[in-house]
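Subject: Structure for you to look at, with notes on helix packing and the ligand site

Dear colleague,

I am handing over the structure below, and I would be grateful if you could read it alongside the notes that follow.

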Amino acid sequence: MPSSVMSMSQTAVSAVGLRKSYGDKTVLDGIDLSIPAGSVFALLGPNGAGKTTVVQILSTLISADGGRARVAGHDIADSPGGVRAAIGVTGQFSAVDGLITGEENMLLMADLHHLSKGEGRRVAAELLERFDLVEAAKKPASTYSGGMKRRLDIAMTLVGDPRIIFLDEPTTGLDPRSRHSMWQIIRELVSGGVTVFLTTQYLEEADQLADRIALLNDGRIAAEGTAEELKRLIPGGHVRLRFSDPAAYRAAVAVLGEVTLDDEALAVQIPSDGSQRALRELLGWLDSAGVEADELTVHTPDLDDVFFALTGTAQQTSQTKEDVR
Ligand code: ADP
């Protein structure tokens, strides 16, 4: 096992105080990250937020103006070669050469990784098959659809057997079907033990794929956590209690006071952040009044709400919503 994997231990990527400016423009103003190995991390932000810049720094394509980071156990400044050997990067800096075929792209990659001819052919064939590119393998990559190009890009990245993959906006511009197939690919990568660092403008994508999400806004991480944690950060959540016994329903209304009522469904809605503490308190009130609900559901606001509340970029977000549909 390569030493980079051994030394990676639990944290695949960690960063403290990353900064980057272009001229007068501060793009990153102190970014901290900690990404457990084997997880999917989504860096979420509108166009121009600095997502690609973070990926470029962590993959050692450009250097930061300040701060430190370790990727796969290697310091990005002291050991960029170690970082590069352990990662794969796909996205805006796609390595796909449109003039040659998909298969030739794969074999070129195998050469770059010093695989023997036979091994290179075996790995290329396996990955072309896995990414549903066998039929297209002998055609120039320039004739591929957007989804096929991205699949080829990821297949090429996997030739090097990276432990951490950076996917910079992997589904931007793809139709919904290709987007869903890309999500499936990403899930499979993770189930194979790879750590995925994903950037996206799509809230739904982060919600679907990521174990943890960081919202990048104005050069800083505006919020970070699981999708559920982020949703709990802002108001809009509630608990809904439904009753089958009208007397229990009335008793609940009496004990709970200010609630939204649904007389027809015998349901009440109580504003709540959905936390354990809030639920315990609510159940305590019901218990003390001897009232028992038939059903209790917690409703959290969705990530759109969080994004609006924390970044104030409503226009971008509504655009994103449209794109996702
Ligand atoms: P995102 O990936 O979130 O869309 P980027 O990281 O690409 O954002 O860009 C963040 C900001 O940094 C943008 O305003 C962009 O114009 C600026 N920027 C990125 N690269 C350069 C560069 N090489 N020179 C000058 N400005 C840049």
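A crossing of two helices is called right-handed if the near helix is turned clockwise from the far one by less than a right angle, and left-handed if it is turned anticlockwise. In that sense, α4 passes α5 in a right-handed crossing. Please keep in mind throughout that this is a predicted model.

To stay with that pair, helix α4 covers residues 102–112 and helix α5 covers residues 117–130, and the two pack at an angle of about 135 degrees, with their axes 9 Å apart. That angle makes α4 oblique to α5, since only angles over 145 degrees would count as roughly antiparallel. On the α4 side the contact involves Glu-103, Met-106, Leu-107, Ala-110 and Asp-111, which meet Lys-117, Gly-120, Arg-121, Ala-124, Leu-127 and Leu-128 of α5. By residue class, the contact of α4 with α5 holds six nonpolar, one polar and four charged residues.

Helix α4 also packs against α6, where the two axes come within 9 Å and cross at roughly 25 degrees. The two helices, α4 and α6, are therefore roughly parallel to each other, and here too α4 passes its partner α6 in a right-handed crossing. Gly-102, Asn-105, Met-106 and Met-109 of α4 make this contact with Leu-152, Ala-155 and Met-156 of α6. The residues in the contact of α4 with α6 divide into five nonpolar and two polar, with no charged residue.

Helix α6, residues 146–158, in turn packs with helix α7, residues 176–191, at an angle of about 15 degrees and with the axes 10 Å apart. That makes α6 roughly parallel to α7, and α6 passes α7 in a right-handed crossing. In this pair, Gly-147, Arg-150, Arg-151, Ile-154 and Leu-158 of α6 meet Ser-178, Ser-181, Met-182, Ile-185 and Leu-189 of α7. Five nonpolar, three polar and two charged residues make up the contact of α6 with α7.

Turning to the ligand, the residues that surround it are Tyr-22, Lys-25, Val-27, Pro-46, Asn-47, Gly-48, Ala-49, Gly-50, Lys-51, Thr-52 and Thr-53. Thr-52 contributes through its side chain, with a polar atom that lies 2.7 Å from an oxygen atom of the ligand.

Technical notes:
Residues are numbered from 1 along each chain as its sequence is written. This is a predicted model: local features need pLDDT of at least 70, side-chain atom pairs count only at pLDDT 80 or more; totals for chains, interfaces and linings use all residues. Side-chain values use heavy atoms; hydrogens and water are left out. Axes are lines fitted to C-alpha atoms, for helices over the stretch in contact, and angles run from 0 to 180 degrees between N-to-C directions. Helices (H or I, at least four residues) and strands (E, at least two) are DSSP runs, numbered from the N terminus. Angles under 35 degrees count as roughly parallel, over 145 as roughly antiparallel, 65 to 115 as roughly perpendicular and the rest as oblique. Contact means heavy atoms within 4.5 Å. Ala, Val, Leu, Ile, Met, Phe, Trp, Tyr, Cys and Pro count as nonpolar, Asp, Glu, Lys and Arg as charged, and the others, Gly among them, as polar. A residue is near a molecule or strand if one of its heavy atoms lies within 4 Å of it. A polar contact is a pair of N or O atoms within 3.5 Å; within protein, one must be able to donate a hydrogen and the other to accept it, and residues adjacent in sequence count only if both atoms are side-chain atoms.
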